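Dear colleague,

I am handing over the structure that we spoke about, and my notes on it follow below. Please open the sequence and the structure side by side before you read on.

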Amino acid sequence: MKNRFTKLGAALMLVGMLSISTLIQDAKAQEESKFSMDVTLNSDIFFGFYPFFQGAYSINDKTDFTFYGILWSGGTGSGWGNWTEFGIGFSTEVSEGISITPQIGLLNGSLTSGLGVPVLGEGIVPNLTIGIDKSVLEGEIYLGYYYGLNHGNSTTLNFLHYWVNGGVKLTPMFSAGLHFEQLRFAGGSETESDAAYNYYVALGPYIQFADPKGGAFTRFTAGGDLRPDEMVTKSEWRQPSFFKLTVGYSF
């Protein structure tokens with residue numbers, strides 16, 4: 001009888017340990033399922049090469065805590081004090097397939113501060129992204145205002161950067177659409193109000209290939225400068241064409 005109870009106790013302990021282990025694994029799996037990350041490698045005619053990442057952690061069914069970073073230093077930003085952008089915010093699903101993501105970024109480098117040497121927190125970037133991901137339709141609206149902070153110098157620089165794109169998922173793997181993008185110098189301290197001008201105003205088509213199961217994707221965007229010659233006040237920034245290539249992976 002004693003041996004029977006001993007074996008039964010050992011069996012119960014084994015079942016209990018297995019149950020606890022299963023619960024721990026399930027908890028870990030649920031915790032991991034709350035976290036997601038998108039990483040892209042980008043190259044365009046103005047900024048050159050720059051990696052980008054966007055992470056999210058689910059707070060509830062509709063809202064995520066978000067964080068992101070752009071390593072502008074890979075391209076043109078290498079000459080702007082190893083220019084780097086990092087920010088946080090949140091994302092809310094306002095309708096099925098439509099999300100709104102307000103964020104605030106911190107700039108580090110030398111572009112917006114006008115110092116000429118790299119500095120931590122040289123500027124801030126309040127920004128907003130609206131994403132559309134339906135069964136057939138896709139699109140994105142982005143608006144970011146790059147505001148230079150004064151670090152004891154007389155001149156800071158501000159920039160407005162935004163784009164709007166939308167397309168159709170023609171197959172589970174292939175989609176195509178239109179992309180509009182503008183980068184504008186918006187003045188700054190100790191500058192004339194009429195000093196603002198556009199670096200480029202681009203419009204053109206894009207094509208995208210993506211893994212239907214999620215994961216890898218690539219997009220190529222091409223277009224031209226919409227500004228007539230008489231509207232180009234800074235001839236050195238005249239862009240005869242515009243192109244951008246992105247390859248990424250969603251974890």
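A nonpolar core, as the term is used here, is a set of buried Ala, Val, Leu, Ile, Met, Phe, Trp, Tyr and Cys residues joined through side-chain atoms within 4.5 Å. Please keep in mind throughout that this is a predicted model.

With that term in hand, the largest nonpolar core comes to 22 residues, and the members with the most contacts inside it are F46, F47, W72, W83, Y146, Y199 and Y200. Two or more residues of this core come from each of the strands β3 (63-70), β7 (137-148), β8 (158-169), β9 (174-185) and β10 (197-210), and β10 gives the most, with four residues.

The aromatic residues deserve a paragraph of their own. A search of the whole structure finds 19 aromatic pairs, one of which is formed by Y249 and F251, whose rings are tilted, with 4.9 Å from centre to centre and 55° between the planes. Of these two residues, Y249 is partly exposed, because its relative accessible area of 39% lies between the 20% and 50% limits, while F251 is exposed, since its relative accessible area of 61% is over 50%. There is also one aromatic cluster, formed by F46, F47, Y50, W72, W80, W83, Y146, F159, F185, Y199, Y200 and F242.

Turning to the charged residues, the structure has four salt bridges by the rule applied, and three of them are described here, starting with the one in which the side chains of K62 and E93 meet at 4.0 Å, N to O. This pair links distant parts of the chain, for K62 is in the loop between β2 (48-58) and β3, whereas E93 is in strand β4 (residues 84-95), 31 residues apart from K62. Both ends count as partly exposed, K62 at 48% relative accessibility and E93 with a relative accessible area of 31%.

In another salt bridge, the side chains of R219 and E138 meet at 3.8 Å, N to O. This pair, too, links distant parts of the chain, with R219 in strand β11 (residues 216-225) and E138 in strand β7, 81 residues apart. Here R219 counts as buried because its relative accessibility of 17% is under 20%, and E138 counts as buried at 12%. The charged end of R219 also sits over the ring of Y206, 3.8 Å from the centre of that ring.

The side chains of K244 and E181 form a further salt bridge, with 3.1 Å from N to O. K244 lies in strand β12 (residues 242-250) and E181 in strand β9, so the pair ties together parts of the chain that are 63 residues apart in sequence. Both K244 and E181 are buried, and the charged end of K244 sits over the ring of W163, 4.8 Å from its centre.

Q103 has its place in strand β5 (residues 98-109) and counts as buried, because its relative accessibility of 8% is under 20%. If its neighbours within four places in sequence are left aside, Q103 is in contact with Q54, T66, F67, Y68, I88, G89, V125, P126 and N127. With two of these residues the contact is polar and runs from side chain to side chain, at 3.1 Å in the case of Q54 and at 2.9 Å in the case of T66.

T129, for its part, is found in strand β6 (residues 119-133), and at 16% relative accessibility T129 counts as buried. With its neighbours within four places in sequence again left aside, T129 is in contact with S99, I100, T101, E140, I141 and Y142.

The phi angle of N82 is near 55°, which is a positive value in a residue other than glycine.

With best regards

How values were computed. Residues are numbered from 1 along each chain as its sequence is written. This is a predicted model: local features need pLDDT of at least 70, side-chain atom pairs count only at pLDDT 80 or more; totals for chains, interfaces and linings use all residues. Side-chain values use heavy atoms; hydrogens and water are left out. Buried means under 20% relative accessible area, exposed over 50%, partly exposed in between (1.4 Å probe, protein chains only). Contact means heavy atoms within 4.5 Å. A polar contact is a pair of N or O atoms within 3.5 Å; within protein, one must be able to donate a hydrogen and the other to accept it, and residues adjacent in sequence count only if both atoms are side-chain atoms. Rings of Phe, Tyr and Trp (its six-membered ring) pair if their centres lie within 6.5 Å; planes under 30 degrees apart count as stacked, over 60 as edge-to-face and the rest as tilted. A charge sits over a ring if NZ of Lys or CZ of Arg is within 6 Å of the ring centre and within 35 degrees of the ring normal.
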